[in-house]
Amino acid sequence: MNIERFENEDALAAALATRLIEAISRNPRIVLGLPTGRTPVALYREIRSRSQRGHVDWSQVRTFNLDEFVGLGAGDSGSYRSYMQAELFNHVRMTPEHIGLLDGRAPNLAAECARYECAIEQAGGIDLQILGIGANGHIGFNEPGESLQAETHVAELRAETRRSNAGLFGGDSNRVPSHALSMGMATILHAREIVLMATGEEKQAAVAGMVDGPITTRLPASFLQLYPRVTAMLDRGAAQRLADRAFGVSADAGQAPG
Ligand code: PGA
């Protein structure tokens, strides 16, 4: 796994924004897989400001988000659809039909998951998948457990995941839906390239397990060890337990000393 370390989350977000915008200019029809949560907020802020200042052509870019809460959709402030509109889609000139989102209010959730898999395939697959990681090692909403699912599916959220999403629901984890739709492990691992971002000390154990631990359904991100083209971009806190490792060289000037 290629590992890049940064002094703080702003340096990480700046480096990843540069990487994304360069990828869009190399391939204007790129298909991006996008995350939500607290970690990418700085990334989207950076992309917004650069897209407004510069000449990033979003018109042919396609995106697919990783997940959505069951029961929530447009108009629900806690939905990831609303999050993405506020953080990115309302600020860049994407073609609306190019925005791929799961519908948490679909009457038939299994059909909605199948539709999403088809839509990704019809778009030619995901070129660059950006991921966060849960403190429990989840990617998307592929939660730790006895088994994992390959394709987009309905996932039951663990208590710690609901707590970490409470900020979207007035701080009340009881209001966080108990289930979500999520890309599966194969949906994610079929991307042509993956960049995982992790910030803060609360992620250090999950990051250490992802990089050095056994490959286990108990820590879904550990499956990224099997994947040939993954970069983990970490701030100082998230990289803490990897302090003695040799690190790949980051292009970022704000990189933490090795
Ligand atoms: P967070 O979530 O960025 O809110 O910590 C990460 C994730 O669950 O993937």
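This is a predicted model: local features need pLDDT of at least 70, side-chain atom pairs count only at pLDDT 80 or more; totals for chains, interfaces and linings use all residues.
## Before we start

Residues are numbered from 1 along each chain as its sequence is written.

Let's begin with the strands. Seven of them form an open sheet with parallel pairing, in the order β1-β10-β9-β6-β2-β3-β5. At the edges sit β1 (2-6) and β5, each of which pairs on one side only. Strands here are DSSP runs of E with at least two residues, helices are runs of H or I with at least four, and both are numbered from the N terminus. Two strands count as paired if DSSP finds at least two bridges between them. As a general point, strands of a sheet pair through backbone hydrogen bonds, either parallel or antiparallel.

Now follow some of the pairs. Strand β9 (residues 193-198) and strand β10 (residues 230-235) run parallel and are joined by five bridges, with Leu 196 opposite Ala 232 in β10. Four bridges link β6 to β9, again in parallel, and Leu 128 has Glu 193 in β9 as its bridge partner.

## Two covered strands

Which residues of β6 are buried on its two faces? Leu 128 and Ile 130 are buried on one side, and Gln 129 and Leu 131 on the other. "Buried" means under 20% relative accessible area, "exposed" means over 50%, and "partly exposed" lies in between (1.4 Å probe, protein chains only).

Strand β2 (residues 31-34) is also covered on both faces: Val 31 and Gly 33 are buried on one side, Leu 32 and Leu 34 on the other. Two bridges tie β2 to β6 (residues 128-131) in parallel, and Leu 32 has Leu 128 in β6 as its bridge partner. With β3 (residues 62-65), β2 pairs in the parallel sense over four bridges, where Leu 34 is partnered by Asn 65. Between β2 and β3 the chain passes through helix α2 (residues 41-53), making a right-handed β-α-β crossover. Right-handed means that, with the strands pointing away from the viewer, the path from the first strand over the helix to the second runs clockwise.

## Around the ligand

What surrounds the ligand? Gly 37, Arg 38, Thr 39, Gly 132, Ile 133, Gly 134, His 138 and Lys 203 do, each with a heavy atom within 4 Å of the ligand.

Several side chains come up to ligand oxygen atoms. An N or O atom in the side chain of Thr 39 is 2.5 Å from one, and a polar side-chain atom of His 138 is also 2.5 Å from a ligand oxygen. For Lys 203, the distance from a polar side-chain atom to a ligand oxygen is 2.7 Å. On its own the ligand exposes 280 Å², and the protein buries 88% of that (areas come from the Shrake-Rupley method with a 1.4 Å probe; for residues, only the protein chains shown count as cover).

## Helices and their buried residues

Helix α3 (residues 80-89) is mostly covered, with eight of its ten residues buried. Among them are Tyr 80, Tyr 83, Leu 88 and Phe 89. The buried residues of α3 pack against β2, α2, β3, β4 (67-69) and β5 (99-100); contact means heavy atoms within 4.5 Å.

Why does Thr 187 count as buried? Because its relative accessibility is 7%. Thr 187 belongs to helix α6 (residues 185-189), and its side chain forms a polar contact of 2.7 Å with that of Glu 117. A polar contact is a pair of N or O atoms within 3.5 Å; within protein, one must be able to donate a hydrogen and the other to accept it, and residues adjacent in sequence count only if both atoms are side-chain atoms. Leaving aside neighbours within four places in sequence, Thr 187 has contacts that include Ile 120 and Ala 150.

Note on methods
Side-chain values use heavy atoms; hydrogens and water are left out.
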